[in-house]
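Subject: Structure handover

Hello,

Here is the structure for you to look over. My notes follow below it.

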Amino acid sequence: MPELSKDLVALLQYLAPGFIVAWVFFGLTSHNKPSQFERVAQALIFTVVIQLLVRLEEFVAGALGKWIVLGRWTDTSTLAAALLTALVFGIVLSACANADTLHGLVRKFGLTSRTSHPCEWFGIFKDYPRFVVLQQKDGTRIFGWPKVWPSEPGSGHFFLTSASKTADGEEQDLQHLEGILIDAKDVAWVEFAKQPEE
């Protein structure tokens, strides 16, 4: 096996924080992984942000070093700070995307009408937690609480609890079941029940 050149190792070491941020973000959100080129571009952008944050951390550590001496800031310190910062930054970025924080703030200023969710389908399920009716393509209607739903229409599965099923005019109570798993490909549309008046 050929050895990796020092330049390649240095490049990978430099880009590692950006790839960690992307890895954490796509692991903790329902966003689909982009193409390989887009992932590399995102890793480059995240790397620049992480490098700026690490420089800031180094400055703060140097300023605090006047009162508390923990050791010298070395290349190893820079690498450790970059990896830890990337991990924390990825978690914070994921939490903001899942809570629609950034887009929610920008919407207040009227700059966009979009959300942080990967698609409208996912956003509606997240923003309207309530009982649903899944109208299947064969005419069967299944009522229940969506415990799990697919990130996008046409792929994945619904997991409904407290379910009941109506087929050919006959209702079948499925309360004795823990839940029912339904392929999203079989669902023609989804109806959301109104919230009860308080």
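Start with the largest cavity, which is lined by Thr29, Ser30, His31, Ala97, Asn98, Ser116, His117, Pro118 and Phe122. Please bear in mind that this is a predicted model. The largest cavity holds about 40 Å³ of space. A search of the whole structure for cavities of 30 Å³ or more finds 1. By class, its lining has 3 nonpolar residues, 6 polar residues and no charged residues.

Open pockets

The largest pocket has a volume of about 480 Å³. Its lining counts 18 residues, and Phe25, Ala97, Leu102, His103 and Ser116 are the ones nearest its centre. Which helices supply the lining of the largest pocket? At least two residues each come from α1, α2, α3 and α4 (101–108). The largest share is that of α4, with 4 residues. Sorted by class, the lining of the largest pocket has 10 nonpolar residues, 7 polar and 1 charged.

The second largest pocket has about 260 Å³ of space. Glu58, Ala61, Gly62, Leu64, Gly65, Ile68, Val69, Leu70, Gly71, Arg72 and Trp73 form its lining. Here the classes divide into 6 nonpolar, 3 polar and 2 charged.

Overall layout

The protein chain has 5 helices and 6 strands. What is their order from the N terminus on? The elements run α-α-α-α-α-β-β-β-β-β-β. Along the principal axes, the C-alpha atoms fill a box of roughly 75 × 55 × 35 Å. The radius of gyration of the protein chain is 24 Å, whereas a compact globule of 198 residues would have one near 16 Å. Buried residues account for 27% of the 198 residues. Now take the contacts with a separation of 6 or more: 56% of them join residues 24 or more positions apart.

Helix α2

Helix α2 covers residues 36–64, which is 29 residues. From its first C-alpha to its last, α2 reaches 41 Å. That is close to the 42 Å expected at 1.5 Å a residue. Which residues of α2 are buried? They are Ala43, Phe46, Thr47, Ile50, Gln51 and Val54. An α-helix has 3.6 residues a turn, so residues three or four places apart point the same way. Have that in mind when you view the buried residues of α2, from Ala43 to Val54. Their cover includes α1 (6–28) and α3 (75–98). Residues 36–64 make up the helix, and Glu58, Ala61, Gly62 and Leu64 are among the lining residues of the second largest pocket.

Arginine 130

Is arginine 130 buried or exposed? It counts as buried, because its relative accessibility is 17% and the cut-off for buried is under 20%. What is arginine 130 in contact with, leaving aside its neighbours within four places in sequence? Its contacts are Trp145, Pro146, Phe192, Ala193, Lys194 and Gln195.

Best wishes

Definitions and conventions
Residues numbered from 1 in each chain as written. Predicted model: local features only at pLDDT ≥ 70, side-chain atom pairs only at ≥ 80, totals over all residues. Heavy atoms only, no water. 1 Å grid on protein atoms, 1.4 Å probe; cavity = no way out; pocket = protein on both sides within 12 Å on 5 of 7 lines; lining within 4 Å. Points joined across faces, edges and corners; volume = space filled by probe spheres on them. Nonpolar A, V, L, I, M, F, W, Y, C, P; charged D, E, K, R; others polar. Expected span 1.5 Å × (residues − 1). Buried < 20%, exposed > 50% of the residue type's maximum accessible area, 1.4 Å probe, protein only. Contact = heavy atoms within 4.5 Å. Rg over C-alpha atoms; globule rule 2.2 N^0.38 Å.
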